[in-house]
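Thank you all for coming this morning.

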Amino acid sequence: MGIKNHHRWLSVAIFFLFMLLHQTDRLLIGPLTSSIMAEFDLTEVQMGGIITGSLILGSVFYPIWGFLYDRFARPKLLALASFIWGITTWLSAIAPTARLFLISRASTGIDDSSYPGIGSLISDYFPPEKRSRFFGFLQLSIPLGYLLGLLLALNLGEIIGWRMIYIITGFLGLLLSVLIYFGVKDVPRGSSEPELSSISDVQLTRFNLSQLMDLIKIPTLRYLFLQGLVGVLPWQVITFWSFRYLEVERNYTSQTISSIMIPAVLFVGAGYFAGGLLGDAFYSKNPRGRLYVSIVGVVLGALFLTITLKIPIENIEIFRILLAITCFFIPLASPNIASTVYDVVLPEIRSTATSIQYFLGNMGSAFAPLLAGAISMKYSLETALLSISLIAWLVTAAILVLSVYYLPEDMKKMRQELRVRASTSKSGS
């Protein structure tokens, strides 16, 4: 019934490569911001509007991808997403005007919302007690992708220009679409669940629209959806504006920025992976363990960001160290919230549940870069980064505390349904 070990690990390796290079392409917009603004003569608000456009379109496509992943072959759909990434990136690379760049860059949001299928496959490759570590490993690709994009922008931006960089990353998207199509194996939904893993022929259950309203009836999921609505705001603002903040408000050189950002990004990666490991470890002791790790990460991330941004400009070394510490705590929650969604949702509707959470996150944060740009023009980028992040994280922590209360009962109900299915499959065989 299950997937062979070497196929499972090959698929995970391909997922990581896809996410790494896709995030490189997606996050290049941050370090290339000044070059693009200069070529098209854009203001901060106009540039913020460009990224907002891609976030809005990505939000619209999240439910579409989620539904398709729960109904059809997930690897083939992911290959399609990679193909779209390549084509839309090429279109943005050749855009001759600011308006066409806005349209073409916004179209990259279509493939940005294709990740729920990967999460659904991971939940079917590995049992519940191991999922957070694999989510943490895959999410390691996000900071490494940003770092790769940063290195490309700093080392090649002035030599070959931002357009040629996008030509290269677009080609990688097309290449990966072929690799995904032939290299990633699908697996029956729910096959890694303890209740179903011993059954040689699991009855295939597919998502139908009547189940959509059942998601809203899960209290834990309602709060995780609400968390998604506000929890992504700091990520969008920090990812998009941090490079320009260091460049313009702290007046750091490219070399200094590299010396600050490289360890910061590496610590983000360490935070993702450590968050997954810690989440699995605490989950083995208590079903609420993953959410406990998430709450601690959110609170400490907010605390250290506040301290870091108040460090005087001339204290570069202290700023570098504190920023790295901040970046370790910020992502602790991410792999654990992803795993918690799968702890309360039935296998055939997990892509849809994740896509709804991401949809709300994107819609909630779509105007964050634009809002930060407006705040920076009236006050400063530091004010924008700090005010948006602190408010969002404090609200997130409060929502996660509420999720903790309902989680055990919702997990129990989901497991009971799987036991009923297992019993039905055995009696029918």
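The secondary structure of this protein comes to 19 helices and zero strands, where helices (H or I, at least four residues) and strands (E, at least two) are DSSP runs numbered from the N terminus. Its radius of gyration, which is taken over C-alpha atoms, is 21 Å, close to the 22 Å that the globule rule gives for 429 residues, so the protein is as compact as a globular protein of that length; the rule itself is 2.2 Å times the number of residues to the power 0.38.

Before I go on, please keep in mind that this is a predicted model, in which local features need pLDDT of at least 70 and side-chain atom pairs count only at pLDDT 80 or more, while totals for chains, interfaces and linings use all residues. Residues are numbered from 1 along each chain as its sequence is written, and side-chain values use heavy atoms, with hydrogens and water left out.

Of the 429 residues, 57% count as buried, and buried means under 20% relative accessible area, exposed over 50%, and partly exposed in between, with a 1.4 Å probe and protein chains only. If we take contacts, meaning heavy atoms within 4.5 Å, between residues at least 6 apart in sequence, then 86% of them join residues at least 24 apart.

Is Ser 113 buried or exposed? Ser 113 is buried, with a relative accessible area of 0%, and, not counting residues up to four places away in sequence, it touches Gly 58, Phe 61, Tyr 62 and Trp 65. Its side chain reaches the backbone oxygen of Ile 110 at 3.0 Å, and a polar atom of that side chain lies 3.4 Å from the backbone oxygen of Gly 58.

Helix H5, residues 98-107, has Phe 101, Ser 104, Arg 105, Ala 106 and Ser 107 buried. Which helices do the buried residues of H5 pack against? Their partners are helix H1 (5-27), helix H2 (33-40), helix H3 (44-71), helix H4 (74-93), H6 and helix H9 (141-183).

In helix H9 we find Ser 177, a buried residue with a relative accessible area of 9%. Leaving aside its neighbours within four places in sequence, Ser 177 is in contact with Ala 79, Ser 82 and Phe 83.

Conventions. A polar contact is a pair of N or O atoms within 3.5 Å; within protein, one must be able to donate a hydrogen and the other to accept it, and residues adjacent in sequence count only if both atoms are side-chain atoms.
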